[in-house]
Amino acid sequence: MRGFIDLHSHWVAAVDDGAKTAEEGAALLRALYAAGFDKVIATPHMRPGMFENDRPTLEQAFARTAQAIGASTDAATDKLPQVGLASEHFFDDVVFERLVSGAGLP
């Protein structure tokens, strides 16, 4: 069965406790596609004091990882889901201010 959407995934490389490399991220995306997921939203952690990520950092890491995966993928054989970016926020006063000011990544 196809058409599943994953709204909580850590395939973006080297930003939190998820994929450490683009190759690991690609492997995760391939496995999710094989399991029926057609869309996968990356949700790296944004947790001050543990994962010092902010919107620009995550957007850059997303772009780098997606580009690396695309460059290493054989379009004829590798099937990957459509991807997007959000963030898993640890809701504290710092993240609250980021969300209010538009600097968060909901």
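Biologist: In which helix is Phe96 found?

Modeller: Please bear in mind that this is a predicted model. Phe96 is found in helix H3, which covers residues 93-101.

Biologist: Is Phe96 buried, partly exposed or exposed?

Modeller: Phe96 has a relative accessible area of 44%. Buried would require a value under 20% and exposed a value over 50%, so Phe96 is partly exposed.

Biologist: Which residues make the nonpolar surface patch?

Modeller: The patch is made by Phe91, Phe96, Leu99 and Val100, and its area is about 400 Å².

Biologist: Turning to the sheet, in what order do the strands lie?

Modeller: The order is E1-E2-E4, in an open sheet of three strands with parallel pairing. E1 and E4 are the edge strands, each pairing on one side only. From one strand to the next, the twist averages 20 degrees.

Biologist: What holds strands of a sheet together in general?

Modeller: Strands of a sheet pair through backbone hydrogen bonds, in either a parallel or an antiparallel arrangement.

Biologist: How many bridges join E1 and E2 here?

Modeller: Four bridges join strand E1 (residues 4-9) to strand E2 (residues 37-42), in the parallel sense. Within this pairing, Ile5 has Lys39 in E2 as its bridge partner, and Asp6 stands opposite Val40 in E2.

Biologist: And what is the hand of the unit made by E1, helix H1 and E2?

Modeller: E1, helix H1 (residues 22-34) and E2 make a β-α-β unit that is right-handed.

Biologist: What about E2 and E4: parallel or antiparallel?

Modeller: E2 pairs with strand E4 (residues 82-85) in the parallel sense, over four bridges. Ala42 has Leu85 in E4 as its bridge partner.

Biologist: A change of topic: how many salt bridges does a search of the whole structure find?

Modeller: The search finds two salt bridges. One of them joins the side chains of Asp38 and Arg2, at 2.7 Å from N to O. This pair links distant parts of the chain, 36 residues apart: Asp38 belongs to strand E2, while Arg2 lies in the segment before E1.

Biologist: Which side chains meet in a salt bridge at 3.0 Å?

Modeller: Those of Glu59 and Arg55, with the distance taken from N to O. Both residues lie in helix H2 (residues 55-72), four residues apart, which is about one turn of the helix.

Conventions:
Residues are numbered from 1 along each chain as its sequence is written. This is a predicted model: local features need pLDDT of at least 70, side-chain atom pairs count only at pLDDT 80 or more; totals for chains, interfaces and linings use all residues. Side-chain values use heavy atoms; hydrogens and water are left out. Patches are made of residues with over 30% relative accessible area and no salt bridge: like charges are joined within 9 Å, nonpolar side chains (Val, Leu, Ile, Met, Phe, Trp, Tyr) within 5 Å. Accessible areas come from the Shrake-Rupley method with a 1.4 Å probe; for residues, only the protein chains shown count as cover. A salt bridge is a side-chain nitrogen of Lys or Arg within 4 Å of a carboxyl oxygen of Asp or Glu. Helices (H or I, at least four residues) and strands (E, at least two) are DSSP runs, numbered from the N terminus. Buried means under 20% relative accessible area, exposed over 50%, partly exposed in between (1.4 Å probe, protein chains only). Two strands pair if DSSP finds at least two bridges between them. A crossover is right-handed if, with the strands pointing away from the viewer, the path from the first strand over the helix to the second runs clockwise. Axes are lines fitted to C-alpha atoms, for helices over the stretch in contact, and angles run from 0 to 180 degrees between N-to-C directions.
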